[in-house]
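The questions below ask how the terms used for a structure rest on their definitions. Each answer sets a computed value against its cut-off.

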Amino acid sequence: MSDCVFCNIISGKFGSATLYENNEFKVILDRFPANEGHVLIIVKEHIPNIFSLDPEVGGRLFTLAIKIAKVMKTTLGLEYMNVLQNNGSVAGQTVEHFHMHLIPRYENDGIKIAYKPLDLTDEQIEAMRQKISAGI
């Protein structure tokens with residue numbers, strides 16, 4: 001897709017700080033990072049979100065994410081990391097092309113990735129459990 005920034009990075013039309021690449025994924029440093037060393041793992045095929053992702057591709061992506069995270073831990077000396085993946089604009093997805101963020105974290109780095117937790121009753125939790133588990 002010619003208007004997709006990640007498709008343009010994958011094709012080489014736009015440059016990137018590439019860390020790793022194979023026939024399925026491209027791993028780059030985020031151009032607008034949350035923290036130094038912020039990595040993106042991009043699926044090369046234009047897949048908009050997790051709802052369209054093949055589970056086997058997702059499994060290989062997560063295997064790669066674990067490998068990259070371990071390298072980051074060793075080379076950057078970090079102890080903490082956010083693994084982030086957004087789907088849809090309401091969820092914070094800004095590029096409609098499946099990708100995963102690996103964000104290095106350090107004590108007192110000032111980064112806030114948080115949500116306000118709901119205070120649900122046991123009955124509400126059970127109703128949601130039944131609804132979701134019925135579809136699995």
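Q: How do you know that the span of H2 agrees with that of a helix of 22 residues?
A: The expected span is 1.5 Å times one less than the number of residues, so the 22 residues of H2 should span 32 Å, and its end C-alpha atoms, 30 Å apart, agree with that value. Helices here are DSSP runs of H or I with at least four residues, strands are runs of E with at least two, and both are numbered from the N terminus. The model is a predicted one, in which local features need pLDDT of at least 70 and side-chain atom pairs count only at pLDDT 80 or more, while totals for chains, interfaces and linings use all residues. Residues are numbered from 1 along each chain as its sequence is written, and side-chain values use heavy atoms, with hydrogens and water left out.

Q: What makes the buried residues of H2 line one face of the helix?
A: Buried means under 20% relative accessible area, exposed over 50% and partly exposed in between, with a 1.4 Å probe and protein chains only. The buried residues of H2 are Val57, Leu61, Leu64, Ala65, Ile68, Ala69 and Met72. Seen down the axis of H2, these residues fall within an arc of 150°, the arc being that of the directions from the helix axis to the C-beta atoms, so they line one face of the helix. On the other side of H2, Pro55, Glu56, Thr63, Lys67, Lys70 and Thr74 are exposed.

Q: What covers the buried residues of H2, and how does the helix lie on those elements?
A: The cover includes E1, E2, E3, E4 and E5. Helix H2 (residues 55–76) lies across these strands and runs at about 20° to E5 (99–105), where axes are lines fitted to C-alpha atoms, for helices over the stretch in contact (heavy atoms within 4.5 Å), and angles run from 0 to 180 degrees between N-to-C directions.

Q: What is found at the start of H2 and just after H2?
A: At the start of H2, a side-chain oxygen of aspartate 54 comes to within 2.8 Å of the backbone nitrogen of glutamate 56. Just after H2, glycine 77 takes a positive phi of about 70°.

Q: Why are E1 and E4 called edge strands?
A: Two strands pair if DSSP finds at least two bridges between them. The open sheet of 5 strands has the order E1-E2-E3-E5-E4 with antiparallel pairing, and strands E1 (18–21) and E4 (80–84) each pair on one side only. Neighbouring strands of this sheet are turned by 15° against each other on average, direction ignored.

Q: What makes E5 a mostly covered strand?
A: Of its 7 residues, 7 are buried. His99, His101, Ile103 and Arg105 point one way from E5, whereas Met100, Leu102 and Pro104 point the other way, and all are buried. In a regular strand the side chains alternate between the two faces of the sheet.

Q: Why is histidine 38 called buried, and what does it touch?
A: Its relative accessible area is 5%, which is under the 20% cut-off, so histidine 38 counts as buried. Histidine 38 is placed in the loop between E2 and E3. Leaving aside residues up to four places away in sequence, histidine 38 touches, among others, Ile28, Leu29, His101 and Ile103.

Q: How do you know that the side chains of histidine 38 and histidine 101 make a polar contact?
A: A polar contact is a pair of N or O atoms within 3.5 Å, where within protein one must be able to donate a hydrogen and the other to accept it, and residues adjacent in sequence count only if both atoms are side-chain atoms. The side chains of histidine 38 and histidine 101 are joined by such a contact of 2.7 Å. The side chain of histidine 38 also reaches the backbone nitrogen of alanine 34 at 2.9 Å.

Q: Why is alanine 34 called partly exposed?
A: Its relative accessible area is 39%, a value between the 20% and 50% cut-offs, so alanine 34 is partly exposed.
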